[in-house]
Structure formats: C-alpha cells, structure tokens
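Keep the viewer open and follow along.

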Amino acid sequence: MRRYLLPAAVLVALVGAWQLATSTGLLANVLNLQDFLVPSPSEIAKTLWEDHSLLADNAWVTLKEILLGFGCALVAGLAFAVGLHLSETLRRAFYPLIVASQTIPIIAVAPILVVWFGFGIGPKLAIIALICFFPITVNTLDGLRSVDPDAVKMMRTLDASRWAILRRVESPTALPYAFSGAKIAVAVAVIGAVFGEWAGSSSGLGYLMQLDNAALNTPRLWASVTVLSAMAILLFALLALLERKVVTWR
Amino acid sequence: MKRTIKLLIAATVLFAALALAACGEKPENLNGQPQPFSLTLDFYPNPDHVGIYEAQKLGYFRDAGLDVTINSPTDPAAPIKEVAAGRSDLAISYEPELLLAREQGLDVKAVGALVDRPLTSLIWLKKSGIKRLGDLRGKTIATAGIPYQNAFLETILARANLKPSDVKTVNVGLNLLPAILGGRAQAMLGGFSNVEGIDLKLRHKDPTVTPVDQLGIPTYDELIFVAQASRLKDDSEPIRLFLAAMARGTAAAEKDPKGATQALLEQNHNLDPKLTAAEVKATLPVLSQASLKRPYGYMNQAEWQQFIGWMRDHGLILSLPTPPQVLTEELLPGSIPG
Amino acid sequence: MLTRTGAPTKEPLSIATNGAPPDAGEVRIAAVEHAFAQLQVLAGLSLRAAPHEVLGIVGPSGCGKSTLLEMIAGLREPDAGTIAIGTAAEPSERLARCAYLPQRDLLLPWYSAIDNAGLALRNRGVGKAEARRQAGQLFQRFGLQGFERSRPSELSGGMRQRVAFLRTLIAGKPVLLLDEPFASLDAITRGEMQAWLAGALATEPRTVVLVTHDVEEALYLSDRVAVLSTRPGRLVSELTPFASRASDRDAAITTPEFGALRAEAMQALREGSR
C-alpha cells in the first residue's frame with residue numbers, strides 16, 4: 001500500500017497547485033491561460049460528475065476498442081517475435097520492414113483504413129494493432145535472443161527438441177521482456193484508439209472529444225482526457241500485477 | 001524524502017516551463033515602422049483567402065502601416081480561442097462558432113464578414129443514387145464532428161420528414177472527401193460549395209451540392225473576422241486599417257483572378273493549380289465586396305438576429321443576444337468612427 | 001559398500017533410459033585436433049574411457065578441456081580425428097548418449113528443484129507427475145529430501161550442483177561429462193561434494209569424463225587421470241590413482257601415497273606448461 005502513497009501525493013500536489021493557479025487567477029492573468037483554454041480541476045470534476053453517464057458510455061466503447069486492439073497486437077507481436085527468432089532468414093528479411101512500419105504517419109493512414117474497413121471497429125483495431133505490436137515484438141525478440149547459450153547446450157544434451165527448448169528455456173527467459181513491451185504497448189493503445197475514432201466513428205471518447213473541441217466545451221474535453229488517462233494507468237497497473245503473478249522468479 | 005523533493009522540483013520546473021512558453025506577447029506600436037499585426041486563418045490557406053493574399057502581395061497592408069503575419073491552424077476550433085486569449089489580433093471564424101464562443105463567455109466580437117452567406121453544403125454524388133432528400137433514408141452521411149452542423153442535419157432531415165434515426169451519421173472529422181469518394185458514405189454535410197463541391201465536380205463525380213440555407217437553415221455569414229472585444233474600445237485602429245486593406249485586396253482579386261490564384265499558390269504548395277483556379281473562380285462571387293449601398297465586410301443584423309434565434313431554438317445556445325452585442329460594423333471601411 | 005549418504009543400496013534405480021544399451025558407454029578419442037581461428041587448441045589427442053570408468057582430465061586453463069567435452073557430446077566437431085561412444089560415431093548419436101554437467105549449474109530459475117531434475121524425462125514426453133515421482137526417488141537417496149519444491153535461488157551453491165548432478169543422472173545416459181563441476185564452490189563444500197559424488201557413482205555407475213583444474217579432485221575421483229599440456233593441448237602423462245572414490249575421503253587424501261601421486265601429477269603439469 002505504501003508504494004502508492006508517493007505517486008498519489010505527487011498527483012494531489014500537482015492538482016492542488018493547478019486548482020490554486022486557476023482560482024487565484026494566476027493562470028488566466030499572469031500566464032494568459034484563460035479558463036476556456038485550461039479549465040480548473042474543480043470544473044473538470046464537476047463535468048465528470050454531471051456528464052458521468054455520457055462519459056461512461058463513450059468510455060466503454062473506446063475501452064472495447066483498446067482491449068480488442070491490444071489483443072490483436074499481442075498475438076501479432078508475439079507471433080512475429082517467435083517467427084523472427086526461429087528463422088534467421090525471416091529476421092533479416094522482415095526486421096527492417098517491421099521498423100519501417102512505425103514511420104507510417106497514423107494521421108495519413110487512418111482515413112485510408114476507414115475507406116477499406118468502413119466505419120466499424122475494424123480500422124480502430126488495425127491502428128491500435130499497428131502502433132502496439134512493435135514494442136511487443138522488439139522487446140520479446142530481444143528477450144528470446146538473450147537466452148544463455150550454455151543453457152541451450154545443456155538442454156540439448158537432455159534430449160530437448162527445438163520446441164522443448166523454445167517452451168522451457170527461451171519463452172520463460174523472454175517473458176519479462178514481453179511484459180515490458182506489453183506495458184509500453186497498452187499505454188500507447190489509448191492514443192491509437194482516439195486516432196482511429198477521429199477518422200470515422202459515431203461513438204467513443206475520441207468522437208466525443210472532437211465534438212467538444214468544435215463546440216468549445218473545454219471542461220468536458222479535459223474530462224474525456226482524464227478518463228482516457230485513467231484507463232491507460234489502470235491497464236498498465238493490471239499488466240504489472242499480472243507480471244508479478246506470472247514471473248515469479250525475479 | 002530526498003526523492004520526494006527532487007520529484008516536486010522537477011514537476012514545478014516542468015510546470016513553469018510550460019507556462020512561460022504559453023505567455024502571450026502584446027504587439028508593440030512602433031512610430032514610423034509598420035505595426036506588427038497577426039491574423040489567424042480558419043484553416044490552411046485556401047481559395048477563401050485570396051483577398052488576403054492579394055492584399056499581402058500587392059503591399060496594401062504595408063500601405064496601411066501594418067506588418068501582417070498570417071498563421072494557419074491545424075485545428076479550426078483554435079483561432080477564436082487565440083483571439084480571445086489575446087494571442088492573435090484577428091482570426092477568421094464562423095458565425096455559429098462566434099455565437100457559441102460568446103455563450104461560453106469568450107471575449108470576442110465579429111468585426112466584418114469575409115463570406116456573407118453559407119458555404120456549408122449537403123453533398124451527394126451521382127453514384128449514390130440519391131435524387132431527393134427523402135432518398136437519404138437508410139444511407140450513411142459523413143459529418144465533420146461539429147455539433148451545430150449536426151443540428152443543421154436534423155433540420156434538413158425534418159424537411160424530408162426524416163428523423164435522425166432514419167439515417168446513419170458518422171463523424172469523420174477532416175476526412176469528408178475520402179469518406180464519400182471511397183463510397184463508405186453516400187452523402188456528406190460540412191464540405192464547402194466552393195471547395196469540396198468544385199473538387200468533386202472536377203473529379204467527374206457529378207455531385208449535387210446544396211448550401212444549407214437552401215435546405216431550411218436561415219442564412220448566416222460562413223466566414224467572419226473576429227477580434228478580442230475588450231481591445232476594441234481603445235485599440236481598434238489597426239483592425240480598421242486591416243479591413244480597409246482587405247477591401248482593396250478583394251477588389252484587386254476580382255479584377256485579376258489569375259494573379260490572385262498565383263498569390264495563393266505561392267503560399268500553399270500543396271494546392272493543385274488547376275483545381276485551385278476553378279475553386280477561386282467559384283469563390284470570388286461569394287466574397288464580401290464593397291458596393292454603393294454596402295461597405296466591405298457588411299453584416300446584415302436582421303439576418304444575424306434570425307440565425308441567433310434558430311441557434312437558440314435548437315438548443316445550441318441558451319441565451320438570446322442582440323446583434324450589437326456580438327458584432328460591430330464601426331470598423332468597416334467607410335463607416336464613421338463611433 | 002556404504003555410500004556417503006548412508007543409504008545401503010546396491011541395485012541401481014530404474015531410471016528410464018533413452019534406449020541406449022548399458023555397455024555403450026565406452027568413450028574413445030583418437031588423434032583429435034582442433035583450432036579456433038588461428039589458435040590451435042588441441043593437437044593430436046588420444047584418450048579412452050572404459051565403461052563405468054571415471055577418466056579425469058587436468059591441465060592448465062585454455063588447454064581445450066571444455067572444448068573436448070563439447071566435442072565428445074557431439075555439440076562441436078573436431079577439425080581432425082575421430083570420437084566415438086560405444087558404436088556411435090555420428091554427433092547426434094553421441095549427443096543422445098551424453099549428459100553434460102557444466103560449471104555453472106544452469107538450473108532454470110522458473111522451475112522448482114525437482115522439476116529441474118526431471119527435465120530430461122519431461123523432454124522425452126514423460127508426464128509431470130511421473131517425472132516428479134522418479135526424480136523424487138533420487139532426491140530421497142541423495143540427501144536432498146525436503147528441497148524438492150525449492151526454487152534454485154533458494155538453494156546454496158552446493159545444493160544446486162547436487163540438483164544439477166541429479167538432473168544429469170536422471171537423463172539416464174551412459175556417459176556423464178562433468179566440466180569443472182565444483183570450481184565455483186568454496187573449499188569445504190567442494191570436499192563434501194566430491195565425497196557425495198563418489199557415493200553417488202557407487203550407486204549409479206556411469207562412464208564419466210571429468211574435467212577439472214583441481215589435481216587432488218581428479219586424483220580422488222578418477223580411475224585414470226590424463227594430464228594435458230598448455231595450448232595446443234596434448235597428452236603429457238597418464239596416471240592411475242589407487243584410492244579412487246574411497247569412502248573416507250579425508251583419510252584417503254592425506255596418505256603419503258596420495259601425496260606422492262599428487263607430486264607426480266604436478267610434475268607432469270609443469271612439464272606440460274613449458
């Protein structure tokens with residue numbers, strides 16, 4: 001419990017300072033950040049309460065996209081890592097392409113994906129998977145390659161097949177690395193979902209944010225951002241918890 | 001304890017740095033030198049702005065003693081906020097957005113019209129098979145995610161006895177053209193008659209382009225110049241000079257469409273010359289022009305009153321301001337300073 | 001003969017072997033040469049270990065001892081010469097007949113001690129419960145009872161090496177290759193481990209090729225000791241200790257005869273270092 005005290009205290013201090021800066025007029029008059037640019041935490045809290053069902057409904061839509069998209073990224077990311085690890089040829093052929101895939105500007109790709117897949121959940125999943133598979137693949141691959149060669153030699157003398165080595169030595173070695181990649185991916189998945197919604201959607205927090213931005217509804221815009229941040233933190237924490245349960249030897 | 005202090009210091013430094021970066025600067029008034037003046041466009045440079053770029057190119061702003069910097073935003077909702085916060089002298093915005101901003105308490109006022117009629121249109125292509133409004137039933141309509149335009153759509157559908165649930169609306173943000181070209185949407189609301197309308201025509205897509213004031217929405221000024229209301233008391237002269245130069249620039253563009261197109265192309269290298277020339281041709285007639293009866297930038301207060309009423313009736317605003325509260329005609333060329 | 005652990009048994013356990021015939025454990029190395037890049041590591045080495053015999057190999061560091069073990073196991077091919085285990089000459093066949101105990105115990109940190117020990121069985125498709133049962137018997141026999149569920153990180157260095165040794169035993173291979181197995185242990189533990197190993201081999205005889213830099217260890221544990229020279233490694237001398245794996249280790253290594261043997265071995269080592 002104690003480990004959460006420090007970050008919670010920092011968060012409370014920052015929010016408190018922010019609230020003070022807005023209510024004393026420091027933000028508006030001295031720093032020229034009026035309330036239609038930066039609302040106060042109390043305004044955001046009020047909006048979170050008043051519009052809680054609207055925010056919750058849209059948050060659920062976006063959360064579904066994130067979970068499914070992250071799932072796709074996980075499957076693809078791990079498959080790539082294992083495939084590129086097992087075959088040197090595949091690795092030399094595809095690793096540069098995998099890196100290049102991250103240079104594609106999402107803003108340009110999102111509308112194209114919408115034209116291909118329509119306005120449903122498809123393009124959102126594609127964008128999230130595109131952004132998120134990369135850290136999973138790179139980290140897991142590094143983990144697989146960090147296996148102790150002597151351990152592999154030893155396993156071979158214990159009649160281990162290639163599959164047994166992968167299963168009993170390489171995969172457990174790579175597991176902490178895979179979790180690192182997954183934690184990075186889940187934090188970025190939230191951004192991917194928003195970009196996907198901006199390209200074409202009828203619901204979701206990204207959709208709501210766009211409407212609120214055009215309508216100059218700054219408090220609810222920031223309220224949506226708050227909910228998205230909370231989602232990212234929660235998912236990250238869940239993964240960290242899972243890691244502690246699964247990786248019991250570190 | 002040490003770590004806590006380090007964290008707090010880091011957070012404070014970060015906060016301060018962000019704040020400093022956001023500090024606005026007030027323009028200086030230099031004697032004998034042209035006065036710096038910032039204009040924020042509504043979007044990237046496009047045919048709606050030919051008058052501005054002609055004035056810039058032909059030196060009309062300099063003649064008026066202004067050193068004009070023209071900025072384009074990536075987010076069309078930002079310019080009005082910049083003006084309200086004093087970070088820009090003038091912005092191009094939209095009549096509905098100005099009314100929403102005033103509702104929120106932003107310190108802004110309209111000082112002149114750039115385009116004094118709606119450009120926002122309902123557009124469908126021949127291939128969609130839609131012939132009348134009623135054919136929209138069951139179709140997918142792409143929107144730009146702007147709530148007042150969604151209200152436009154409700155009004156338009158009501159004319160054809162359709163409810164919002166009779167159609168599928170999708171918010172595609174700035175991606176209206178890909179949505180309709182790709183066939184995912186059969187119609188779109190939010191494109192401009194003089195930009196997307198012309199674009200689709202030149203692509204031989206045979207579009208039906210209907211500005212919203214022909215579909216039951218009262219007329220309004222699509223593009224307006226907006227300034228910070230509180231500065232108009234003491235510091236309105238630069239804006240008056242700007243608008244006077246705009247009148248000259250727009251008149252020059254009317255006389256020389258090719259030159260005006262060229263001035264625009266020099267500012268935005270992403271524009272296709274042939275398409276831009278066609279769009280400029282369609283834009284010049286809708287730009288505000290000085291005439292014998294009306295000054296450049298004229299805003300019709302009766303029409304404004306009617307549109308304000310429509311906004312209130314559709315729940316977009318709660319209050320009912322009078323036109324003099326939201327606009328001023330005192331800075332238009334030829335008007336007597338009040 | 002009483003083993004060190006005090007459990008008087010003579011019959012070997014029924015450890016599932018991988019089908020190799022019990023007497024296939026003769027190791028023959030003939031005129032083996034090997035070089036890494038330009039560096040000649042082994043030069044014309046010929047050795048032999050009879051079935052159930054412990055062959056000790058001592059020599060200065062860098063003389064190719066570990067490389068030799070890898071080659072016996074079929075994990076590496078020599079530039080010249082032949083290696084055979086029983087009738088098996090192909091590397092994959094030799095691999096099937098060897099179990100390798102490296103210097104580091106290489107216990108997998110994500111398995112318990114007993115699951116580590118049963119790895120060879122699991123790799124052959126034996127179920128988890130059955131593998132644990134078989135390994136459990138050895139844990140009982142060799143004084144490791146109570147540590148079955150421990151994680152390697154919870155065990156001392158000596159315990160880990162014991163588990164690692166059991167792992168190689170369970171593999172049921174006729175040949176064990178031990179690569180400086182006790183080098184990372186302190187002197188007292190090392191002595192205990194040598195005595196323990198002697199007792200284990202009494203119960204579970206195997207052909208053993210033991211590589212070590214500790215002359216006393218080689219002389220105590222081996223039936224024959226080969227002394228190698230520095231790079232390029234060649235055979236300097238072969239000695240035949242007489243008190244191999246005597247049950248009272250401390251007594252055995254303090255006899256004057258043992259001292260003389262040690263001196264002889266050191267002399268050979270010095271010769272090979274010139």
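This is a predicted model: local features need pLDDT of at least 70, side-chain atom pairs count only at pLDDT 80 or more; totals for chains, interfaces and linings use all residues.

Chain C has a case of its own: Leu106(C), found in the loop between strand S5 (98-101) and helix H3 (113-117). Leu106(C) isn't a glycine either, yet its phi is positive, about 55°. With 10% relative accessibility, Leu106(C) counts as buried. A glycine with positive phi turns up too: Gly25(A), which follows H1(A).

| Residue | Phi |
|---|---|
| Leu106(C) | about 55° |
| Gly25(A) | near 80° |

Now for H1(A) itself. How far apart should the ends of helix H1 (residues 5-23) of chain A be? Its 19 residues, at 1.5 Å a residue, should span 27 Å, and the end C-alpha atoms are 26 Å apart, so the two agree.

Which residues of H1(A) are buried? They are Val10(A), Trp18(A), Ala21(A) and Thr22(A). These four cover an arc of only 105° around the axis, so they lie on the same side of H1(A). An α-helix has 3.6 residues a turn, so residues three or four places apart point the same way. On the face turned away from the buried side of H1(A), you'll find the exposed residues Leu5(A), Val12(A), Leu20(A) and Ser23(A).

Technical notes. Residues are numbered from 1 along each chain as its sequence is written. Chains are lettered from A and ligands numbered from 1 in the order in which they are written. Side-chain values use heavy atoms; hydrogens and water are left out. Helices (H or I, at least four residues) and strands (E, at least two) are DSSP runs, numbered from the N terminus. The expected span of a helix is 1.5 Å times one less than its number of residues. Buried means under 20% relative accessible area, exposed over 50%, partly exposed in between (1.4 Å probe, protein chains only). The arc is that of the directions from the helix axis to the C-beta atoms.
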